[in-house]
Amino acid sequence: MASLEVPTSPLSPVNKIIKDVVATPDRHPSPQPTHFSVPYKNGNGNGHRVLRSATVGYIAPEFKGKKAQMLQVKGKIEEASWIPDPMIDEQINWFYNELGIDDVYFQLENVDAIVSHVTSLYAAKIAAFARKDKRDEIRLDMEAADHAIYIDTSEPGISNISGPRYEHRLEKKYLDASTQNSSYRVETFRSPTNLSGTTASKSTMRCYFVYQCMFVDPKAAPTETRLEVIADRMFLAKATKNTKQIYQEIIDLAVSRNGPVIEVFDIEGSKEKRLVVAFRRRTAAGMFSALSDLYHYYGVTSSRKYVEQFSNGITVICLYLKPAANLESKKFPPLEASIHQITKEISLLYCIPQNKFQALFASGRLSLQETIYGHCLWVFVQHFLNRLGSDYASLVSALDKDSSAHVEILSNIKRRLRTETFTAGYIFEIIESHPELIRTLYASFANTHLTLGPGYVEDWVPPAPSAEVLSDKEIGDLITRTVDNEHEEMVMNAFRIFNKALLKTNFYTPTKVALSFRLDPAFLPEIEYPQPLYGMFLVISSESRGFHLRFRDIARGGIRIVKSRNKEAYSINARSMFDENYGLANTQQRKNKDIPEGGSKGVILLDAAHQNKGSVAFEKYIDSIMDLLLPAASPGIKNPIVDLYGKQEILFMGPDENTADLVDWATEHARKRGALWWKSFFTGKSPKLGGIPHDAYGMTTLSVREFVKGIYRKLELDPSKVRKMQTGGPDGDLGSNEILLSNEKYTAVVDGSGVLVDPNGIDRNELIRLAKKRVMISQFDMTKLSEAGYRVLVDENNVKLPSGELINNGTLFRNTFHLRDSGLTDSFVPCGGRPESIDLSSVGKLIKNHKSTIPYIVEGANLFITQDAKLRLEAAGCILFKDASANKGGVTSSSLEVLASLSFDDEGFVQNMCVGADGNPPEFYQAYVKAVQEKIKDNARLEFEAIWREHELTKIPRSTLSDTLSVAITKLDEELQGTDLWKNEKLRGSVLADALPKLLLDKIGLDLIIERVPDNYLRAIFGSYLASRFVYEFGSQPSQFAFFDL
């Protein structure tokens, strides 16, 4: 064990406690800074408030019918004859008066149920007497829709892993399932004595009572804090005035906080401590039982526990804690130190209440922080264990890494090779079998990242890691000596990779809602990830895991939430999420060629058991990443962290799948946490926060339309005579705006509801009506179709088409319609649909006699067609423009939204960019939106002309040229930013004056913009503008003198 330097000042009460803790070989306190969220009052030297014993807890209303009920119970027991007559009065008296059950139970429960409970307890005594080991053991449970009772015998201070686990059961069935419409409160107490009449035993009875809440106002707002409005009626009837005051104070704080709020009280004249924890409901599944494991680890037991729900969404857990008298006290720190450690660890516990290695913690083999560290590494190993082998390396060297088709084939092979060798279960088994290695590896992790930091004041000195801190080489040697085979060595060595790659973490931040890790992505093998990442964040919570990847310092991209239909789908999603995230960020990097930001992407994968907690997972993801971006400003709440990266980081994010309605929260939260960049943190926010909604102004569609119109212009086609098919219907952003802006003859529209076809042209006015209402083709007025037209919905079967063809399954017909050779399509614009809807195996259906059945395709939807399929179509004569070129309008709009956010100060931003409560946008906002639209169309035309010209000259497929131009612009951009051109003030001012929107320059002025916008962002504008304009004019391989001609 590492040595500890303990202060010797007689004024420091912590010294003896730390010595006691360190001297304990099998109990190690957590190196977590403490945090008390409620202001100290009436301090008695330890920071706890003191409660008079008479004011503590609950006073149950008297049940006046109690004596009459006891007589009824007696009569029923006598009738049943299960208990001998001389014993009946004794058993009833013991149950009613000595177990400590309050009158609420007797008032709510019916006589037959009470008779059953008394009889069951008596039977348990007889069974205990008959056992050879004479152990007291009882298992009694009764569950109903509105209440439940559990009675168990257990030894205080010990988590009985092999017992009935009633806490887990009631938690899963009632507490974690609580909603605003159906919530449950819990009261539980431990009887001071064992089963009456049996031999001496350490085991005592624990009783749990669950009641459905009856709120005063069941529909209270999340911001409502008045106890008389949000509380359960039973709580209001039973709680003392003092208890209500405590709950009121902690709820006031919990409403404004994301994570848990914690306070400890001393109870006058008692050794007990009262620990109160409040947090948002549904944000910490498993917290109630996990708290038991936590205080048991420190030799503490509870005499009473309460879980109270409030209709504003707050849960409060109240624990009455004391030392477990039956345990050997020398093994544990004194109660004061134990409570202190428990309060420090609750924040960590809140992040992952039930970690994968909970059993090692509950049994005392590892500490909480060691098991949660192990849990996080279990997640890490699943994504980054290099298991492709030498055959894959040989294949990579044999293929052309510059060929986008070859890159896609390699990606598919990689996904298949990674399926089964190291499953999540197998990795878990390996890690679980080596707790001693977890302890050693954690010690190395803690030794680097555990620090009090400058300016931090703490009354208690946190202990050092619980194992000796070894060098990386010593750890590697230890792993080799300890493990049994190569697989185990690979898994445990991945811990070392993680420790070395970690630049900063919020693991030791006193208040946090999820665990976040900023990693140096240099550990990624180049053979698998040829394009190096600039930055990587890993976020782990109880509901999800997530990554944020970016290819440049200044980068932007959306955050998506991935949901899974079932456990099998979750396993597939978990295996592929990092590669998908990497691919999406890489696509974004290519798409962002016209703008200063490079590509980034965030992916949040919801756990299989938490598919309905998208907003909770998103909020934790954002808040925990912000822990690593913002300087610590509140000692005891957000302390300084060890930052091995050492530079300021700003991330720019936007909406993506399942996050569009969460963007405003993220923006407001960044402002609430004091982020100077809150205005630019997220694009896609509502206009009241300065956002420019892509759908309302058709930003993405404007870019797609320029490519569509470009084809018609070059080929001199009359759009009104072009027959058009579109996937992604009038209900979507891209689909609806494409309909509103187009002037072709629609012959087919496919959306989530089905397929709509009319060879004579679908009624345009009816399509526009649906597009304006944002509804699916299922609401199309069928009287507007010609006799040759038809509609097949996904839930329809055995539909006969006008041609006589019978469609057996509507869903299958919808999913494959775009592959049919209908003879009705000249132009195809995918505006929606699943990725890889056309791949190498299906593209043959669109090629007839070596010629594409669809002459023109502009890929509006991301990744709708695989790269190898695109090349096949182009080889068959199709004029095709890919997604990375066609649908970049949204990223351009978002970039200019960010630029405005950075250029204005807060006051100017609100005045000029935020739509007021009356819904009327400021004059500048309206003009800026029009300027953004023109910039999108200008950028799209430039790229269209460049690709068309390059193809005419070289005959290289357009989908390949799109990537070639992106790479050329990105490479030149990076080179320009690294040159001395930026230092040339005259050139810099000239380029920025051309690159920045004229409206911003007129409103704010170039000098003020340069002063406000971060230097690295301005440098990115400078490089991207010069690079894109140069490549669009001179091509991807210009002459060596071309740049000077610019």
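Before the structure itself, a word on terms: helices (H or I, at least four residues) and strands (E, at least two) are DSSP runs, numbered from the N terminus. A cavity, on a 1 Å grid over the protein atoms alone, is a set of points where a 1.4 Å probe fits but cannot get out, and its lining residues have an atom within 4 Å of a point.

What we have here is a predicted model, in which local features need pLDDT of at least 70 and side-chain atom pairs count only at pLDDT 80 or more, while totals for chains, interfaces and linings use all residues. Residues are numbered from 1 along each chain as its sequence is written, and side-chain values use heavy atoms, with hydrogens and water left out.

The protein has 39 helices and 27 strands, and of its 1046 residues 59% count as buried, meaning under 20% relative accessible area with a 1.4 Å probe, protein chains only.

The largest cavity has a volume of about 290 Å³, and of the 21 residues that line it, the closest to its centre are Ile 158, Asn 160, Glu 167, Tyr 208 and His 296. Which element gives the most to this lining of the largest cavity? Helix 10 does, with five residues.

The second largest cavity has a volume of about 200 Å³, and among the residues closest to its centre are Asp 594 and Leu 896. Here helix 38 gives the most to the lining, again with five residues.

Terms used:
Buried < 20%, exposed > 50% of the residue type's maximum accessible area, 1.4 Å probe, protein only. 1 Å grid on protein atoms, 1.4 Å probe; cavity = no way out; pocket = protein on both sides within 12 Å on 5 of 7 lines; lining within 4 Å. Points joined across faces, edges and corners; volume = space filled by probe spheres on them.
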